[in-house]
Amino acid sequence: MSIRHDTWGFLKTKWSAAFMGVTASQAIICLAFEAYVFARFQTSLGAHMDVPNVQSQYKTIPTFLTLFIFGFLYELVVVWDALRMKNTIQVIGVCFANLALLVYTAIQVDQISGAIDILFTFNALEPGATHMSVWTKVRAFLIAIPGIIALATLLMVFISWKLYQEFAWDILKNIGADYRMKKRFLHYQIYIALLKFDFFFFLGFIIQFVVVVAEKSDPEFALTIATIPITIFILLAAAFFTRRENKPGMICSIILFLGGLSYFVFKLVRIYQPSHASSYFAVRKSLSAFAVITILLIILTIINAIICMANFNKGLRPHLLASRKVEEKPDATSISLHDVKPQMPSRMTID
């Protein structure tokens, strides 16, 4: 194939290496800063207090750190997969995901300040520590994190344009120049990329909800944990049904997406209901951001699923299936929801 699925061969090209370098550097610096904030926060705590409002604040920093570790590592995997597969759509998607991380880190500043204030009010800080003394130690690092992500996002946007030009010739040799087939393949690409980002934001919401809000004795805790493997199965099945052009399977996937959409709308309303607002207070802003982004992503996923289903039996399936068979050494470490560039004799335009 012209477009090689070489595990690390893409690093031989300047702009691919630059994109991976920016993503990795951002992850290392931001996680180091977040770890420092976590260490400062933990060492500033005093005697443990068994008060519900204080208990949720204890979990604020650990939740942010856990979510950042997952977020940056997942982003690195998605970038690796996109560059390896020369997937311009997924590269652009990473830029948007980085913007979402920027919003989240900006929200973090206010939430951590509020957490420290509440802990000080309830005398949960170490003796002699005040809100200002603790906040002064971590403020600069918390403000620096969104600044670093903003700079990295600008660099990623510029490099993604260069990558589009770099990938164009290889993609042209594989795809050709048929405009109608190009549009079908483009929607397929967008759909697969959306499934990957759906998983990230869904799991980000679940991590915050389970760690900070849900009580282990609450049946909703177990049900929420159970949704994680179920969601993975649904997303894998959705990608499989699309590639195989299985209409009944696609209809089932869309119905399940609508169920997921209803769940997140329900959760977004629940966050601001007076009877439940206190349970969500510690992570209200960040949960709201994740819920809104997930709702928008699910809506876009449903729209693209319908478009992909409308494109069934119009010539795309043989090329998608053939491209999988010609791979000489499939990469066992590749994530399952990958976007396969089709090798096909018919003419298509590049994306």
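**View 1. Helix H7 bends at Ile228 in this predicted model.** The bend is about 30°. A proline, Pro229, follows within four residues. Helix H7 covers residues 219-244. Its 26 residues should span 38 Å at 1.5 Å a residue, and the end C-alpha atoms lie 37 Å apart, which agrees. After H7 comes Glu245. The phi of Glu245 is positive, near 55°.

**View 2. Buried residues of helix H7.** Phe221 and Thr224 are buried, and so are Thr231, Ile234 and Leu235. Further along H7, the buried residues include Ala237, Ala238 and Ala239. Thr242 and Arg243 are buried too. An α-helix has 3.6 residues a turn, so residues three or four places apart point the same way.

**View 3. Helix H7 crosses helix H8.** Two packed helices are described by the angle between their axes and the distance between the axes. Helix H8 is formed by residues 247-271. The axes of H7 and H8 come within 10 Å and cross at roughly 145°. The crossing is left-handed. From H7, the contact is made by Glu220, Thr224, Ile234, Leu235, Ala238, Phe241 and Thr242. From H8 come Gly249, Met250, Ser253, Leu256, Phe257, Tyr263 and Lys267. Eight residues of this contact are nonpolar, four are polar and two are charged.

**View 4. Val157 in helix H5.** Helix H5 runs through residues 131-175. Val157 counts as partly exposed because its relative accessibility is 45%. Phe96 is 61 residues from Val157 in sequence. In space, the two are 9.2 Å apart, C-alpha to C-alpha.

How values were computed: Residues are numbered from 1 along each chain as its sequence is written. This is a predicted model: local features need pLDDT of at least 70, side-chain atom pairs count only at pLDDT 80 or more; totals for chains, interfaces and linings use all residues. Side-chain values use heavy atoms; hydrogens and water are left out. Axes are lines fitted to C-alpha atoms, for helices over the stretch in contact, and angles run from 0 to 180 degrees between N-to-C directions. Helices (H or I, at least four residues) and strands (E, at least two) are DSSP runs, numbered from the N terminus. A crossing is left-handed if the near helix is turned anticlockwise from the far one by less than a right angle, and right-handed if clockwise. Contact means heavy atoms within 4.5 Å. Ala, Val, Leu, Ile, Met, Phe, Trp, Tyr, Cys and Pro count as nonpolar, Asp, Glu, Lys and Arg as charged, and the others, Gly among them, as polar. Buried means under 20% relative accessible area, exposed over 50%, partly exposed in between (1.4 Å probe, protein chains only). The expected span of a helix is 1.5 Å times one less than its number of residues. The bend at a residue is the angle between axes fitted to the seven residues ending there and the seven starting there.
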